[in-house]
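Welcome, and thanks for taking a look at this protein with us. Please open the model in your viewer and keep the sequence at hand.

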Amino acid sequence: MEERAIGTSWAQALSELGTILKLDATQAELMLEDACRREPHVCRRCGNERIYRLGGGRLRCAECRYSFRPFTGRWLGRHRLPATVWLAAIKCFELGLGARELAQVAELSLPTAAELERTIQMSLAALDPQWTTVVRACASGGDVTRSFKIRQQGDGVKVEALPEAGDDVRIDLPPAGSTPDSLRAFRAGVRRWARLPADRLALKLKEWELRSNRRTGLFELALEALVRYMPAGVADA
Ligand SMILES: [Zn+2]
């Protein structure tokens, strides 16, 4: 179940990662700012969308005059890191590399790399409105459910977080039989995941759903997810 969900060869994937690490700071920043256009700037104070640019990269609301940074309130704004590091983190995520590998390639501490991976996971989970409660709890250290229901959906799977709280991990699976390959692998490895803390288990399951259903374009999807504004109740880190 740790299968690498990439649509390209390893050689190509690693060469793409190398290209990202060699980008100069300005190029990388432009890539991130460009991605922000998919989710236009909104004033963090009054919600107004008429925003203009100030010097030094800051933005100002035309209505209430509040000024803020381009990533404020977005998932991307949770960590103040160079754009190249963000892009490397997204690439590592696409490749199925974990925090340890990211820490090495981007020269980060392991806790920072783990936080980046977690923010990517949360941003992707937040694309599913049914997961807002879980994401909010994961982001704020609240109680996260350990109950899930996994359904077969077309060729893929759908993971639902169930509201009932309990200390034991409960994962309802479709009956064994004509299930997708991803579910077979899941059954084989589920006990390992069940030992994870509740928040990590929830985010891992949601990530697994995404990887099971989608083989390509994870880099673009993660970038799109990260430039979204965080749901209400998720504080800037
Ligand atoms: Zn405003």
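The report below goes from the overall build to the sheet, the core and a few loop residues.

**Overall build**

Please bear in mind that this is a predicted model. The protein has nine helices and six strands. Its C-alpha atoms fill a box of roughly 60 × 45 × 35 Å along the principal axes. The radius of gyration is 19 Å, which agrees with the value near 18 Å that a compact globule of 237 residues would have. Of the 237 residues, 33% are buried. Among contacts with a separation of 6 or more, 58% are between residues 24 or more positions apart.

The protein is divided into two domains: domain 1 (10-120 + 219-226) and domain 2 (134-213). Taken over C-alpha atoms, the centres of domain 1 and domain 2 are 27 Å apart.

**The sheet and its helix**

Strand E4 (residues 147-153) and E5 run antiparallel and are joined by six bridges. Which residue of E5 is the bridge partner of isoleucine 150? The partner is valine 159.

**The nonpolar core**

The largest nonpolar core has 55 residues. Those with the most contacts inside this core are Ala88, Ala89, Leu102, Val135 and Ala222. Helix H3 (residues 83-95) gives the most to the core, with ten residues. The core also draws at least three residues from each of domain 1 (10-120 + 219-226) and domain 2 (134-213).

Leaving aside neighbours within four places in sequence, valine 135 is in contact with Met122, Ala125, Ala126, Pro231 and Val234.

**Loop residues**

Most residues other than glycine have a negative phi. Arginine 65 has a positive phi, near 70 degrees, although it is not glycine. Arginine 65 sits in the loop between strand E2 (59-61) and strand E3 (67-68). Glutamate 107 also has a positive phi, near 55 degrees, in a residue other than glycine. The loop that holds glutamate 107 runs between helix H4 (99-106) and helix H5 (110-125).

Are these residues buried or exposed? Arginine 65 is exposed, because 10 other C-beta atoms lie within 10 Å, and the limit for exposed is 12 or fewer. Glutamate 107 is exposed as well, with 11 other C-beta atoms within 10 Å.

A further loop residue is alanine 194, found between helix H7 (181-193) and H8. Alanine 194 counts as partly exposed because it has 13 C-beta neighbours inside 10 Å. The C-alpha atoms of alanine 194 and alanine 88 are separated by 29 Å, and the two residues are 106 residues apart along the chain.

Here are the neighbour counts side by side.

| Residue | Other C-beta atoms within 10 Å | Class |
|---|---|---|
| Arginine 65 | 10 C-beta atoms | exposed |
| Glutamate 107 | 11 C-beta atoms | exposed |

Technical notes. Residues are numbered from 1 along each chain as its sequence is written. This is a predicted model: local features need pLDDT of at least 70, side-chain atom pairs count only at pLDDT 80 or more; totals for chains, interfaces and linings use all residues. Helices (H or I, at least four residues) and strands (E, at least two) are DSSP runs, numbered from the N terminus. A residue is buried if 20 or more other C-beta atoms lie within 10 Å of its own, exposed if 12 or fewer, and partly exposed in between; C-beta atoms are placed from the backbone. Two strands pair if DSSP finds at least two bridges between them. Domain bounds come from an automatic or database domain assignment. The radius of gyration is taken over C-alpha atoms; the globule rule is 2.2 Å times the number of residues to the power 0.38. Two residues are in contact if their C-beta atoms, placed from the backbone, lie within 7 Å. A nonpolar core is a set of buried Ala, Val, Leu, Ile, Met, Phe, Trp, Tyr and Cys residues joined through C-beta atoms within 7 Å.
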